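Here are my notes on the model you sent over. Have it open while you read, and go point by point.

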Amino acid sequence: MASSWESIRDQFPILNQQVNGHPLVYLDNAATTQKPISVINALDRFYARDNSNVHRGLHALSMRATDDYEGARSRVKTFINAEAPEEIIFTRGTTESINLVAASWGSANLKKGDVILLTEMEHHSNLVPWQLIAQRTGATVRYVPVTGDEGLLDLSALDRLLTPEVKVFAFTHVSNTLGTINPVADLCARARKVGAVTVVDAAQSIGHMPLDVRDLGCDFLAFSGHKMASVTGIGVLYGRRALLDAMPPYQGGGGMISSVDFEGSRWKPSPERFEAGTPNFGDAVALGAACDFIDGLGREAIREHDGSLASQARDRLEELPGIRIIGPKGERGGLVSFAFSGVHAHDVVTFADEDGIALRGGHHCNQPLMKKLGLTSTVRASFYVYNEAREIDALVASMRRTIKFFGV
Amino acid sequence: MSADLSDLYQNVILDHNRRPRNRGRIPTANRSAHGDNPSCGDQCDVFLRLDGDKIAEISFDGSGCAISQASASLMTTQLKGRTTAEAEKLYKEFHEIVTTGKEPEEISDLGAFAGVHAFPARIKCATLSWHAALNALHGDAAPTTTESHKD
């Protein structure tokens, strides 16, 4: 079924329900998006018809399942414009993808005196894996500062920070807390000048805007299926082939070896080298279907839709008393993050839930950034293809009721 | 507003949230403990001056939602003057109130927290300060976290 903007909400069965007596207003898309019927059907069809273990199978179902799995890999390759399917490694999600690069590339390439450059707006998933490998290798971690509430990277500090000791520069494409869209191509070009490898966390951009790894010029890129209309448990690490083929395995097991002896083993090239054990082929099929769904709508159109809703929400929320909105004033990804003086984010989210509105409140796995901004938590509303302007009305009305109740 | 929600945000809770009692560090404290709720970022420090086995003074500091702040504030008013054994008994009762919605045995403001039981995700908000207080009483140096105990 080709996706289209017409009757878009009908393509998401979960939206058709009442929560606490109100129509569901789902504004927690930065945490996970809902799944269209085409993705649910693809998963259903795979398990009802083709399911079998992949690779080395000599029977019909195994060959079909292998074709489905490798077909999904090719689909993702096209989706991000990689050069070859071998550059697409299936993982459990963004977190595992980044852990894979940090552990495998990091252990082979980092030593004492080297620097890992991150930014202050990284999600814990693009921060903790690097802290772990820094501990193991003796490398140190540096951070590109964020400019305060406006939430932009302080690019004037980059020349000072991006020195020849920097071996890897890992940063997010779109901040999950601020909504900032970082200038990825520019950052990659500057990193390349000092010989640093780049790792892009695309968790919040992949389902929301055009993305071409060759235009971006990144060495690695990580994302999750469940934040792009696909299912949980599947994600991708893209890596340039020359880098991947020089990296040691991440995990050992079946499927990743070319030969095994009691004395030792030899590895297959990418992607098998990094996919030990039975891979998650069922969910990979759902990921391929999600790529079709997204391209059916058009990623430029999705960027326009989500960004416009986030900007509208920002403008409307700004009128509320006692509100502090963080993130850029100009172009932003499909989310807006805010706090009220005198009302904690969790109380706001509890009240919104009463109105059938799903929001997220907390530190959004961004604790160091929150501390820097002097916040302990924010409320976040995040948008996707099925959200509508009337849902912003519901959001603003709910916020008004809440702050009135708490006497702000 | 639904009955569940107005049960959760009772006047007693709103009042303690707005005007917290015994907030800030006591200079003469001889015991303290820190509590963390890593899933939501709530933090609570509890400071005590133990005189023999009696809580002569008690205060808290921290940040969090209305439920956690009100619970910490109310707890300080309830624990002052109690012995360790009495504090433990009171926590047991409080825990039962927030997990089952049962009214307290004696008339007490702790009953204001009975509405929490309808919001299981918020039980940890209500109990964080109590865990920190009990750790301070027991002299545990390690910070407590809501992950290291059941609620």
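**Notes on the two chains**

1. Helix α11 (residues 345-354) of chain A has eight of its ten residues buried, so it is largely enclosed by the rest of the structure. "Buried" here means 20 or more other C-beta atoms within 10 Å of a residue's own; exposed means 12 or fewer, partly exposed is in between, and C-beta atoms are placed from the backbone. Helices (H or I, at least four residues) and strands (E, at least two) are DSSP runs, numbered from the N terminus. The buried residues of α11(A) are Ala345(A), His346(A), Asp347(A), Val348(A), Val349(A), Thr350(A), Phe351(A) and Ala352(A).

2. Before going on, a word on the source: this is a predicted model, where local features need pLDDT of at least 70 and side-chain atom pairs count only at pLDDT 80 or more, while totals for chains, interfaces and linings use all residues. Residues are numbered from 1 along each chain as its sequence is written, and chains are lettered from A and ligands numbered from 1 in the order in which they are written.

3. What covers the buried residues of α11(A)? The cover includes β14 (335-340), β15 (357-358), β16 (360-362), β17 (378-382) and α13 (389-405) of chain A, along with α3 (66-79) of chain B. Just after α11(A), look at Gly356(A), which has a positive phi of about 80°.

4. Now for a contrasting strand. In β11 (residues 257-261) of chain A, the number of buried residues is zero out of five, so this strand lies largely in the open. β11(A) runs antiparallel to β12 (residues 264-267) of chain A, with four bridges joining them; strands count as paired if DSSP finds at least two bridges between them. The two form a hairpin with two residues between them, and Asp261(A) has Gly264(A) of β12(A) as its bridge partner.

5. On to the nonpolar cores, meaning sets of buried Ala, Val, Leu, Ile, Met, Phe, Trp, Tyr and Cys residues joined through C-beta atoms within 7 Å. The largest has 117 residues, and the members touching the most others are Phe169(A), Val200(A), Phe220(A), Leu221(A), Tyr238(A), Ala286(A) and Ala290(A). Helix α9 (residues 281-297) of chain A gives the largest share of this core, ten residues. A second, separate core has 36 residues, including Met75(B), Ala87(B), Ile97(B) and Ala126(B).

6. Chain A is assigned domain 1 (8-31 + 299-405) and domain 2 (41-295), with bounds from an automatic or database domain assignment. Their C-alpha centres lie 28 Å apart. The contact between them takes 26 residues from domain 1 of chain A and 23 residues from domain 2 of chain A, where contact means C-beta atoms, placed from the backbone, within 7 Å. On the domain 1 side, α10(A) supplies the largest share, six residues.

7. Chain B has five helices and four strands, in the order α-α-β-β-β-α-α-α-β. Its radius of gyration is 14 Å, close to the 15 Å that the globule rule gives for 151 residues, so chain B is as compact as a globular protein of that length. That radius is taken over C-alpha atoms, and the rule is 2.2 Å times the number of residues to the power 0.38. Buried residues make up 43% of the chain's 151 residues.

8. Finally, where the chains meet: ten residues of chain B are in contact with eleven residues of chain A.

Terms used. Contact = placed C-beta atoms within 7 Å.
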